[in-house]
Every structure is written in C-alpha cells, then in structure tokens.
Amino acid sequence: AAADFFTNATISNNAITYFKQGAYEGTPAVTVEGAKKPQNSTSFTPVTLPLSKIAAYIKETDEILWDEAFLASEVQNSLVRRVGIVEDTTIVNTIKNTSGIQAVTLGTGEALADGIIGGIMAIKDASAYDASVVIMNPADYLAALKAKDGNDQYYGGGYFMGAYGNGAYGTPTAIWGVPVFTNSNITAGTAIVAAREAVKIWRKGGMDVKLYEQNEDDALYNLVTVLGEERAKTAVIDKNGVVAISAATA
C-alpha cells in the first residue's frame, strides 16, 4: 500500500493541523571562541485540513453470509481491498498535485532512470532525508524490468537467475536502491520520488467494516449490507522531500 512508504499518525478529531515550514535563511558556520555566531531563521505556518472519507458498501444475501462463513470473509476482504485501492490513488494524487514540490525535468535523450537518480539526490541535498519510494507508472516499471544491456542481458537480472547467471532469481523491487510503488495515476514517462518524513497520513479509527441487517428493505429480500469506510487525510509536510520527474520538453 502507498501509505506504507510514508509517516502515519492517528487523530481523534475531524480535522488535522500541521505546520508548514517556510524558507530557511542563513547558513551555520564554524565560529571561533568569542566571535558572533551567524543568525539563521525560518518560519512555520499552520495549515488545517478536514478529514476525507473513503467508503463503499456491498449487498449480499444473508443465506450466503450465514451459511458459508468463508464467503462472508471474502466479501469483507474484497470491500477492504477496493477501499485500499482508492486510498492509494488518493495518496498518489495528493502528492502529485501538491504545488511547490521539487522538480527535475529530463534532458533530451535522458532515460527516466536518469531523472529518478537525480530526484533521489535532490531530496538528499535539499532536505537531508533519504528517499523512501519511487512512484512510477506500471508501464514504465515494466519497461525498466525488460531493459537489456549491449550483451542482451537484463539489467535487473534474468528470468531464471541473477544478472549473467549470478545468484538466484528474484523480482527486482527497487530502482537505484529505492523501493518502487506502481500506480497508473502517474503519467507514463514521469515519476515521483519522495521521502517518508516529507509526507504524512492521518487516520481516525482506521478501516471500519460494519454489517447491517435492517437497512432499507433488505429484510424483504433476505439481504444484508456490508459497509466499509475510513477517514483519513494526506499532506506533503516538507516539499523539499518530494521531487516530480517530468518528461523532456521538445
């Protein structure tokens, strides 16, 4: 899940307030005994965001849910998975659409991987964080997995063994040593690199799954309503810790 790569927190009210850091001015310096130390400054602006709700429900016959316990579990698991998919999309879109994050534009002829390593280093340089995830379009990650060198060997290792027959087979899960998360809401030819500390996800109560037997006219049709929902909010709290990689411009 996308949330696994970032900072998570729980709250008890219906909105979150975080402090957005402004520009950092000044530079620490080595000072001699008795000399005036250099002044540095920054500022913090409070930002309040209401929680968002992701929800869905499924209607199923009570005979299936009561007679086949495993089907009841499958119905709930399917609902939770679907809500989770929307949560992933919400997190990715929030990060992608945040204004003011760092930007790296690919040069003419540069591969997406070139921009990704540039983004990893840009995060380290601007924030001192280490990148925790590279978010890519599935098609771009597939292309990277299929890429070969001049000897027709896969860069990520072969489909039976590691590169050039070294080591056991293993599906690559990272690029430049940073874990990859794929999501189709990232435009092909672009990517996002982000640090765990730069993005925060607040939740209230976690995933809630409830079963209602007396909803609407369910009783007339021997139906039950299974409801799944969660309340959460995602925000980029340090824009220096997120980089958008853009395709080369003509």
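Colleague: What is the mean pLDDT of the protein, and where is confidence lowest?
Modeller: This is a predicted model, and 99% of the residues of the protein reach a pLDDT of 70 or more. The mean over the protein is 89. Confidence is highest in strand 6 (residues 131–136), at 98, whereas the lowest mean, 76, belongs to helix 1 (residues 62–67).

Colleague: Which kind of pair do the rings of Tyr154 and Tyr159 form?
Modeller: The structure holds four aromatic pairs, and one of them joins Tyr154 and Tyr159, whose ring centres lie 5.8 Å apart. Planes over 60 degrees apart count as edge-to-face. The planes of Tyr154 and Tyr159 stand at 65°, so this pair is edge-to-face.

Colleague: How far apart are the ring centres of Tyr159 and Phe160?
Modeller: Tyr159 also pairs with Phe160, and because the planes of these two rings stand at 75°, the pair is edge-to-face. The centres of the Tyr159 and Phe160 rings are separated by 5.0 Å.

Colleague: Is Tyr154 buried, partly exposed or exposed?
Modeller: Exposed means over 50% relative accessible area and buried means under 20%, and by that cut-off Tyr159, at 58%, is exposed, as is Phe160, at 67%. Tyr154 has a relative accessibility of 22%, so Tyr154 counts as partly exposed.

Conventions
Residues are numbered from 1 along each chain as its sequence is written. This is a predicted model: local features need pLDDT of at least 70, side-chain atom pairs count only at pLDDT 80 or more; totals for chains, interfaces and linings use all residues. Side-chain values use heavy atoms; hydrogens and water are left out. pLDDT is the predictor's confidence in each residue, from 0 to 100. Helices (H or I, at least four residues) and strands (E, at least two) are DSSP runs, numbered from the N terminus. Rings of Phe, Tyr and Trp (its six-membered ring) pair if their centres lie within 6.5 Å; planes under 30 degrees apart count as stacked, over 60 as edge-to-face and the rest as tilted. Buried means under 20% relative accessible area, exposed over 50%, partly exposed in between (1.4 Å probe, protein chains only).
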